[in-house]
Amino acid sequence: MNAKQLAAEAAVALIKDGMKVGLGTGSTAYFAIQKIGQRVQEEGLKVTCIATSIQSEELAQSLKIPMVGFEQLERLDITIDGADEADHHLQLIKGGGGALLREKIIAYITDHYVTIVDESKYVETLGKFYLPVEIVPFGWQRTFDHIKTLGGAPHLRQRDNAPYITDNGNYILDCDFKTIPDPESLQTKLNLIPGVVECGLFVNKTQTLIIGYNDGSIKTHKK
Ligand SMILES: O=C[C@H](O)[C@H](O)[C@H](O)COP(=O)(O)O
């Protein structure tokens, strides 16, 4: 089992019958969704889930995991999601897969937010990974300029020689801040810029961080 799968399966062991569960996005969350699907089918685990991306929703449906919409839930008991970086204070950079907005909406209605990463994502200080910022397409060049004044070199994310479009019809700027010693303050500044929908900093959201190691071990950090 690889390090991502180890972390993912340890997190899925926290899910109990009757829970409402948020499903993350990305290659680590993939293993969590697979395991939830297995528990639903083999153990008869009773859960209702909501996904943080169209991709994860389709995967969950293919595994016959019961899905609900926001009209059927106000809070989630647990969400299991990956991250691009996690620091020692359990602050995160997310959005490498473009799902940061839906992920953050789900994070804010979750009682127990569990982040799963492999050892390569656990860092002293955030910022080596370019920070994804979701922006509206209208006037994006000026939003780009505003972010630049905060010290982050933005790059418009591309796919097939065209701007990458999120599940919400927006663009993403991947911003090189080099180092982010104060994620909370940067999040506030970014989210005040007109045109910014949301940034990929997840501040004070993670209660449990599970790290999978290549030697087959896992470590859990709690807040
Ligand atoms: O937008 C994508 C999400 O924030 C992912 O959780 C993050 O990019 C980590 O993905 P992966 O587990 O594939 O490295």
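Me: How far is an oxygen atom of the ligand from an N or O atom in the side chain of K121?
Reply: Heads-up: this is a predicted model, with local features needing pLDDT of at least 70 and side-chain atom pairs 80 or more, while totals for chains, interfaces and linings use all residues. Residues are numbered from 1 along each chain as its sequence is written, and side-chain values use heavy atoms, leaving out hydrogens and water. A polar contact here is a pair of N or O atoms within 3.5 Å. For K121 the distance is 2.8 Å.

Me: And how much of the ligand's exposed area does the protein bury?
Reply: Shrake-Rupley with a 1.4 Å probe gives the accessible areas. Taken alone, the ligand exposes 370 Å². The protein buries 91%.

Me: Which residue has a backbone N or O atom 3.3 Å from a ligand oxygen?
Reply: D81 comes in through a polar side-chain atom, 3.4 Å from an oxygen atom of the ligand. The backbone atom at 3.3 Å belongs to G82.

Me: Which residues come nearest to the ligand?
Reply: The shell (a heavy atom within 4 Å) holds 16 residues. By class, that's two nonpolar, nine polar and five charged. Coming nearest are S27, T28, D84, E103 and K121.

Me: Are helices α2 and α3 roughly parallel or roughly antiparallel?
Reply: The axes of α2 (residues 27-43) and α3 (residues 54-62) come within 9 Å and cross at roughly 25°. The crossing is right-handed. Angles under 35 degrees count as roughly parallel and over 145 as roughly antiparallel, with 65 to 115 roughly perpendicular and the rest oblique. So α2 and α3 are roughly parallel.

Me: What handedness does the crossing of α1 and α2 have?
Reply: α1 (residues 3-12) packs against α2 at about 45°, axes 8 Å apart. That pair is therefore oblique. Their crossing is right-handed.

Conventions. A polar contact is a pair of N or O atoms within 3.5 Å; within protein, one must be able to donate a hydrogen and the other to accept it, and residues adjacent in sequence count only if both atoms are side-chain atoms. Ala, Val, Leu, Ile, Met, Phe, Trp, Tyr, Cys and Pro count as nonpolar, Asp, Glu, Lys and Arg as charged, and the others, Gly among them, as polar. Axes are lines fitted to C-alpha atoms, for helices over the stretch in contact, and angles run from 0 to 180 degrees between N-to-C directions. Helices (H or I, at least four residues) and strands (E, at least two) are DSSP runs, numbered from the N terminus. A crossing is left-handed if the near helix is turned anticlockwise from the far one by less than a right angle, and right-handed if clockwise.
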